[in-house]
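Thanks for asking me to look this one over. Here are my notes, point by point, to read alongside the model.

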Number of protein chains: 2
Amino acid sequence: MPVATQGTVKALTPRQVEETGSQIVLSNTYHLMLRPGAERVASLGGLHRLMAWDHPILTDSGGFQVASLASRRRVEDGGVTFRSHIDGSLHELTPERAVAIQELLGSDIAMVLDECVLYPASQERAREAAARSLRWARSSLEAHRRPDQALYGIVQGGVFTDLRRDNARALVELGFDGYGIGGLAVGEPTELTREMTELTVEELPPDRPRYLMGSGTPFDIVEAVARGVDLFDCVLPTRNARNGTLFTSNGKLAIKNARFTDDSSPIDPDCSCYTCRHFSRAYVRHLFMAREMTAATLNTIHNLTFYQGLVARLRKAILEDRFPSERRELVDRLSGAST
Amino acid sequence: MPVATQGTVKALTPRQVEETGSQIVLSNTYHLMLRPGAERVASLGGLHRLMAWDHPILTDSGGFQVASLASRRRVEDGGVTFRSHIDGSLHELTPERAVAIQELLGSDIAMVLDECVLYPASQERAREAAARSLRWARSSLEAHRRPDQALYGIVQGGVFTDLRRDNARALVELGFDGYGIGGLAVGEPTELTREMTELTVEELPPDRPRYLMGSGTPFDIVEAVARGVDLFDCVLPTRNARNGTLFTSNGKLAIKNARFTDDSSPIDPDCSCYTCRHFSRAYVRHLFMAREMTAATLNTIHNLTFYQGLVARLRKAILEDRFPSERRELVDRLSGAST
């Protein structure tokens, strides 16, 4: 899922997002509740209509942004109070309010409010947060009303095997439409992310989508799919695009590098996105150096197309029962030297 | 002509520019000679190919930007030396070099190097610049080689009737493919712009395009067309778009205005651009307030579509022999109160 934090994938129109092969986008409840406001979005016809996106939208619960962006945050059993990073205004997010906001936004998939602890955290701290997240998950389920909206639970438990297993089992017992794997890719070593992903997935029902939240690099995605993950969101393709870092079938490429000054080839000769069909590295580099917004647009189109191409390839390999060989080939390529 | 200063209409892809109804864009020789460089553009296949724009391009000569952007400028009979506003490097622009650069860029219409004097200027100063511009026009004509590129002369003479008439006549005697009307819209009162435009056009051959350089507001365009002008370029629609000022059939609109916060109507109900077909004022305002680049894209699409719609309307009225009534109606609307 490309990230449409404030109701738009940065630098793209929805039509351009569609053309990258994206079928669903993620929007951030935290940002939208502060601006333009959930009630306002609802009165304007809901988020789909507001942003003219006729495909699925997943909204997060706001919990992670509250933890990473808001100031003077205070978590209690009932919920979390915080001050807006925009104007310092005071807000409260409870499990019930997070559900209500997402129902107002009208996303297709809503996430329960959870408490995400960053790495490293003590086992005691992780246990407390996992327990609170579980209570909040129950409250969310009870508060949820919209029959046209799925609600996903989120597994917490830090990097502690037993905590994570217990949390996953208890969550599955409550019964959600899908499951987020939370509290990973928050600073821990990659090996630990994979181990925790694997053991969490083992506890989740195979007929429900499993969503690894906030991950990751192309390599991370291949490895998570290998462990049974179905759904991802990450700012990496869009943020890197704006910073001039481009993903290609032969590794990453920093477009500002002087060796692209006269390079008439496309960003990725294997790519058939609008950018690669029409423009050279030399041109994209020129726009980037000249600080033209069009550079962000063209780069974002390319990076999202690359990510969607990657997961499309993985999907196809799974359906054709040849995932292991596809994984080996991709890992060889993706871990190769940068272009 | 939308302005594509550095080889892109800011915030748009060429496909989006096409969809605004634009048939030709203007690019700036001054910017492109400094970055990425004319020889580089040529070796990359020319400007059309570089920016993937398969329609006409007009390039200016660089003279105006040298006068307004470069530092330590020194004008002599042979040409002008200046320092780049990007890195302070020393450059020279002669009539011959300006032609050579534009031939390297491969634009469809090239402009002669001229010396533009800003308002107010003494008659002596205006006379000197007009005489020098005329000599440069002759040198440009002699230097010009590409048979697939038109070369336009530029009428100077400030706001002095005799100077302008004499300059126009001498230029027409040299014989160009079209004529720019330069040195106007540089600070003088609107009435004077119109008067000078009118008397300049009177001296120009009716079968050659007349191009009023760097103008103007929608109202200015209607009034210039009434005086016989065929071609315009202006940063107003694109720059205003990025600043949140939108043109509508009922006047201008500042999208950041709080009264649009809950406004579900399109920017201009009479407009059928991509932006107006899909998005509300409330959404565009939200993106603008949240500093999303997508706001610049959507606003630019709208403003350029508005400008192209205006000139399409004027063209049609001329062809149907009802320009005077169309002019009256447009002037009434455009001079009305802002929305």
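1. Let me start with Val284(A). Leaving aside residues up to four places away in sequence, Val284(A) touches Ile255(A), Ile267(A), Phe279(A), Ala295(A), Leu298(A) and Asn299(A). Please keep in mind that this is a predicted model.

2. Where does Val284(A) stand in the largest nonpolar core? That core has 204 residues, and Val284(A) is listed with Tyr152(A), Tyr152(B) and Val284(B) as having the most contacts inside it.

3. On to the domains. Chain A is assigned three stretches: domain 1 covers 1-111, domain 2 covers 116-234 and domain 3 covers 239-334. The C-alpha centres of domain 2 of chain A and domain 3 of chain A are 30 Å apart.

4. How many residues bring domain 2 of chain A and domain 3 of chain A into contact? Six residues from domain 2 of chain A meet eight from domain 3 of chain A. On the domain 2 side of this contact in chain A, six residues are nonpolar, with no polar and no charged ones.

5. Now the two copies. Chain A superposes on chain B by a rotation of 180° with 0.0 Å of shift along the axis, at an RMSD of 0.0 Å. This is the relation of a two-fold axis.

6. Which residue of chain A comes closest to that rotation axis? It is Met293(A), whose C-alpha lies at 3.7 Å.

7. Finally, the interface. Of the interface residues of chain A, 100% are interface residues in chain B as well, so the copies meet through the same surface.

Methods: Residues are numbered from 1 along each chain as its sequence is written. Chains are lettered from A and ligands numbered from 1 in the order in which they are written. This is a predicted model: local features need pLDDT of at least 70, side-chain atom pairs count only at pLDDT 80 or more; totals for chains, interfaces and linings use all residues. Domain bounds come from an automatic or database domain assignment. Two residues are in contact if their C-beta atoms, placed from the backbone, lie within 7 Å. Ala, Val, Leu, Ile, Met, Phe, Trp, Tyr, Cys and Pro count as nonpolar, Asp, Glu, Lys and Arg as charged, and the others, Gly among them, as polar. Copies are superposed by least squares on the C-alpha atoms of residues with pLDDT of at least 70 in both. A nonpolar core is a set of buried Ala, Val, Leu, Ile, Met, Phe, Trp, Tyr and Cys residues joined through C-beta atoms within 7 Å. A residue is buried if 20 or more other C-beta atoms lie within 10 Å of its own, exposed if 12 or fewer, and partly exposed in between; C-beta atoms are placed from the backbone.
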